[in-house]
Structures are given as structure tokens and as C-alpha cells.
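Keep the picture open as you read.

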Amino acid sequence: MSKSIVVQGLVLGEIQHKEYNKIMTVLSAERGIIKVYAYGALSIKNKNFAATQPFAYSELELTEKGDGYTLKSASLIRYFYSAQRGLASNALAIYISEFLMAVCCEGNDESDMMRLALNTFHAICEGVREVPMIKAVFEVRAAMILGFEPNLEGICSECSEEKADYLDYEAGGLVCSECSKNSAFGIQLYKTVIDAMRYVISCDIKRILAFNLEENDLYVFSKAAEGYILYQLDRGFSSLEFYRQVTI
């Protein structure tokens with residue numbers, strides 16, 4: 001038996017089906033990732049065309065039947081037009097969409113990840129901060145939401161030495177200089193970078209970009225954020241390769 005529901009969702013991707021139909025991958029706070037079949041939505045004459053584009057955040061009226069969803073109508077809340085900020089911004093938005101499709105689950109409460117996604121897309125489109133900063137902040141906060149929060153207490157995760165400033169990806173936290181010699185994957189951090197990571201993990205989501213880093217600190221912060229989350233997820237992303245190419 002089918003029923004009608006209304007959700008607010010962020011369109012992350014789409015696959016064409018027949019000439020004008022498509023299957024959308026949508027992130028919703030309450031239901032996690034859902035697949036939505038949209039009849040005729042690929043036609044620019046369709047009333048739902050704008051509200052069903054990738055990077056659109058829309059209110060979706062759906063028919064739910066079994067495990068499937070079919071679009072009845074859509075109302076655009078905001079379109080995140082990342083391309084207006086240049087190739088790097090658009091590449092970052094594509095990477096974040098692929099990332100979300102990989103880590104968010106169907107039927108799961110994804111409220112925290114949804115807030116992070118909307119905040120991040122807003123930052124990209126408004127040019128709130130430089131692209132590498134936005135990317136790194138997203139990755140660090142995402143790691144926390146996913147349960148991969150690194151131990152940044154400053155005490156070695158391996159031997160309890162009080163001076164620890166090397167982020168060991170495998171240990172999941174900071175280790176001392178002696179223990180870092182046994183680390184195959186990790187990076188040396190400055191105190192400013194450790195403080196920045198602590199801030200991103202613990203701050204209010206609305207203030208997540210309210211800090212500054214010098215150029216060299218930002219480089220280390222960005223490298224640590226990407227390296228850590230990729231190691232924890234044990235995978236790469238094709239869109240990340242594209243991002244790297246356009247930001248060299």
C-alpha cells in the first residue's frame with residue numbers, strides 16, 4: 001500500500017532512465033539516503049525540473065511504496081550553484097556529494113550530516129572561506145559524525161607520553177615522537193593545527209569556519225584532514241582526483 005510523505009532533501013546525484021525520467025539520490029535528515037524516481041524531470045518544461053537538479057535543496061512530496069519513492073511534486077528551497085565560484089568550488093561540491101552518497105545510510109537519522117552538508121554547500125557558494133579550508137573542515141567534522149573522531153588530547157595513544165603531536169591514522173589519534181617511528185600512515189602536526197582540529201570537532205556547527213590559519217598551517221591541516229578520513233574509510237573517491245587536478 002502506498003502513502004504520501006513530505007521530506008526536505010538535498011539532491012546529490014541522478015541517473016537518467018529512459019528519455020526524460022531519472023532516479024535521484026537524495027539526502028534527507030530523517031530517512032537518510034533515499035532513491036527517488038522522478039517522471040519527466042529531465043525535461044526543462046517539467047514543473048519539477050529546477051527543484052530536482054543536483055545541488056538542489058528542495059521540499060519533496062513523495063509516494064512511498066515498499067522500499068521505493070516516486071516524486072509527486074517538488075518545491076525548491078535553495079539551489080547551491082557552486083560553479084559560479086569557479087572550477088575548484090564546483091569540484092569540491094562534486095566531491096562532497098560523492099562522499100555523502102558513500103557514507104550516509106538509507107533509513108538512518110542523518111540530521112547531523114545534513115546540517116554539515118548544508119552549511120558546507122552554503123560556504124562554498126558564498127565564498128565564505130578559501131576552498132581548501134572548507135574542504136578540510138568538512139572532512140574533520142564528518143569524521144566526528146561518523147564516529148572516527150581522532151584522539152587529540154595531547155597524550156600519546158600508544159604509550160601515554162604527555163607530549164604527542166603526530167597524528168597516527170591507524171592509532172586514531174596523536175602519538176609521541178618515539179611511537180611515530182612505528183607509524184606507516186600519519187602526519188606531524190603543529191599546535192595551531194591540533195587546536196584547529198579540536199575546535200572543528202567541538203564547536204557549534206554555525207561557527208565551524210570561525211577561525212583562521214596561516215598558509216603553512218592550512219596546508220598541514222588540509223593534508224591531515226584528507227589523509228585521516230580516507231584512511232578511516234579505507235577508500236578513495238574519483239571526484240577527489242578531479243578536485244586535486246583543478247587545485248594544483
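Q: In which helix is Ala93 found?
A: Welcome to a predicted model, where local features need pLDDT of at least 70, side-chain atom pairs count only at pLDDT 80 or more, and totals for chains, interfaces and linings use all residues. Residues are numbered from 1 along each chain as its sequence is written, and side-chain values use heavy atoms, leaving out hydrogens and water. Helices (DSSP runs of H or I, at least four residues) and strands (E, at least two) are numbered from the N terminus. Ala93 lies within residues 87-103, which form helix 1.

Q: Is Ala93 buried or exposed?
A: Buried means under 20% relative accessible area, exposed over 50%, and partly exposed in between (1.4 Å probe, protein chains only). Ala93 has 0% relative accessibility, so Ala93 counts as buried.

Q: Which class of accessibility does Leu76 have?
A: Leu76 sits in strand 5, residues 68-79. Its relative accessibility is 38%, so Leu76 counts as partly exposed.

Q: What is the order of the strands in the open sheet of three strands?
A: Two strands pair if DSSP finds at least two bridges between them. Strand 6 (residues 166-168) and strand 8 run antiparallel and are joined by three bridges. In this sheet the pairing is antiparallel, and the order is 7-6-8.

Q: Why is one side of strand 7 and of strand 8 left without a neighbour in the sheet?
A: Look at strand 7 (173-175) and strand 8 (186-188). One side of each has no neighbour in the sheet because each stands at an edge, with a single partner strand.
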